[in-house]
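This briefing concerns the model displayed below. Please keep the sequence and the structure in view while reading.

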Amino acid sequence: MSPERSRELTYKTKIIKLRELSDHAKKYTNKMNLNLNDKNALVCGSTQGIGKATAMILAEEGANVTLIARNEDKLKQVLSELPGHGNHNYIVADFSNPDTLKIKVSEHISKHDGFHILVNNTGGPKGGPVFSAEINEFEAAFTQHLKCNHVLAQTVVPFMKNEGYGRIVNVISTSVKQPLDGLGVSNTIRGAVANWSKTLANELGGFGITVNNVLPGATGTERLSEIIKNKSAKTGISVDDASQAMKNAVPAKRFAKPKEIANAIAFLTSEAASYINGINLPVDGGRTKSL
Ligand SMILES: NC(=O)c1ccc[n+]([C@@H]2O[C@H](COP(=O)([O-])OP(=O)(O)OC[C@H]3O[C@@H](n4cnc5c(N)ncnc54)[C@H](OP(=O)(O)O)[C@@H]3O)[C@@H](O)[C@H]2O)c1
């Protein structure tokens, strides 16, 4: 064989090896190996966006996933997409009514089993400046975010205590650390949820239960599209320019994928995160200007 042909073959072999390594890396990064086998997870707001991405990862990691949202058709659709061999399920419930929510989840637990993992997540409050917000907007957001998180925690914690294993993860917002312009009601209520969560973490830490908050930055979901459309309408700039301006404010220069937020949530639900309790974890590409 000529030296040129030999060099060409060595080069081709190296390329093939690099491709294999890259495929391996992709496979490795796609699966976290958190081992959630036999863990039952209740994932709220899971028909789209961050909640759906979380449900998919928890199922992939072996958990039995129960979805919650209002739209039954969408719940059935997501249920059919959940990977893994878990015993997956769904509950139709509206977070504007905590009493009904509590009844529905309690009934589910009595028919099936309790939950080791609770991911508190729902739709974000209506946007707008705080000064012009109506009182009922604060009340609605408080009900949907704080009261519902609270009744869900009260409903699932007895089983977690018995099991000596519990993971509560609340999806909040980076506004807990740095209020966001044009999200007045949200900024206000998120602070209350973060403080509720920290207090609960103090109370439950001794039972093998952790309570943590994930604070997403701008994430490519329907919620973000709405926020960008509102910004564009208010400022008169195009949707594309409004979107680009938001990306420019992130050191990563892009929006998060829902899966990138869900990866952090999934880690916090795992055994591996057993000594992480009572934290706010921003997953925002570095956007928040404080530590
Ligand atoms: N995306 C972002 O850039 C971003 C950034 C920071 C914080 N967050 C926050 O993270 C959370 C999730 O965001 P997302 O972007 O994934 O939201 P999303 O795409 O709007 O999804 C919200 C989910 O919650 C469910 N939901 C909404 N209202 C509900 C209600 N009253 N009762 C029960 N379920 C309800 C929806 O399903 P149904 O309609 O079927 O009920 C859906 O599955 C929100 O609190 C959001 O404000 C998002």
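The model is predicted. Its protein chain is divided into domain 1, covering 32-217 + 256-282, and domain 2, covering 219-255. A ligand is surrounded by 28 residues, and at least three residues of that shell come from each of the two domains.

**Domains and their contact**

- Domain 1 is made of two segments, 32-217 and 256-282, while domain 2 is the stretch 219-255.
- The C-alpha centres of domain 1 and domain 2 are 25 Å apart.
- To the contact, domain 1 gives 12 residues and domain 2 gives 9 residues.
- On the side of domain 1 that touches domain 2, helix H2 (49-60) and helix H9 (258-269) are the elements that give two or more residues.
- That side of domain 1 comprises 5 nonpolar, 6 polar and 1 charged residues.

**Ligand shell**

- Gly-45, Gly-49, Gly-123, Gly-124 and Arg-223 are the closest of the 28 residues that surround the ligand.
- Helix H2 and helix H7 (222-235) each supply at least two residues of this shell.
- By class, the shell around the ligand contains 7 nonpolar, 16 polar and 5 charged residues.
- Both domain 1 and domain 2 are represented in the shell by at least three residues.

**Helices H2 and H9**

- H2 and H9 pack with their axes 8 Å apart, at an angle of about 50 degrees.
- The two helices are therefore oblique to each other, and H2 passes H9 in a right-handed crossing.
- From H2, the contact is made by Gly-49, Ile-50, Ala-53, Thr-54, Ile-57 and Leu-58.
- From H9, Pro-258, Lys-259, Ile-261, Ala-262, Asn-263, Ile-265, Ala-266 and Thr-269 take part.
- This contact has 9 nonpolar, 4 polar and 1 charged residues.
- Gly-49 takes part in the contact of H2 with H9 and is also one of the closest residues to the ligand.

**Helices H7 and H8**

- The axes of H7 and helix H8 (residues 239-248) come within 8 Å and cross at roughly 115 degrees.
- H7 and H8 are therefore roughly perpendicular to each other.
- The crossing in which H7 passes H8 is right-handed.
- Ile-228, Lys-229, Lys-231, Ser-232 and Thr-235 of H7 meet Val-239, Ala-242, Ser-243 and Met-246 of H8.
- The residues in the contact of H7 with H8 divide into 4 nonpolar, 3 polar and 2 charged.
- H7 also supplies at least two residues of the shell around the ligand.

**Helices H4 and H5**

- Helix H4 (residues 98-111) packs with helix H5 (residues 135-163) at an angle of about 30 degrees, and their axes are 9 Å apart.
- H4 and H5 are therefore roughly parallel to each other.
- H4 passes H5 in a right-handed crossing.
- In H4, the residues that meet H5 are Pro-98, Leu-101, Lys-102, Val-105 and Ser-106.
- Their partners in H5 are Thr-143, Lys-147, Cys-148, Val-151, Leu-152 and Thr-155.
- By class, the contact of H4 with H5 has 6 nonpolar, 3 polar and 2 charged residues.

Conventions. Residues numbered from 1 in each chain as written. Predicted model: local features only at pLDDT ≥ 70, side-chain atom pairs only at ≥ 80, totals over all residues. Domains from an automatic or database assignment. Contact = placed C-beta atoms within 7 Å. Helix = DSSP H or I, 4+ residues; strand = E, 2+ residues; numbered from the N terminus. Nonpolar A, V, L, I, M, F, W, Y, C, P; charged D, E, K, R; others polar. Axes fitted to C-alpha atoms, helices over the stretch in contact; angles between N-to-C directions. Parallel < 35°, antiparallel > 145°, perpendicular 65-115°, else oblique. Left-handed = near helix turned anticlockwise from the far one by under 90°. Near = placed C-beta within 6 Å.
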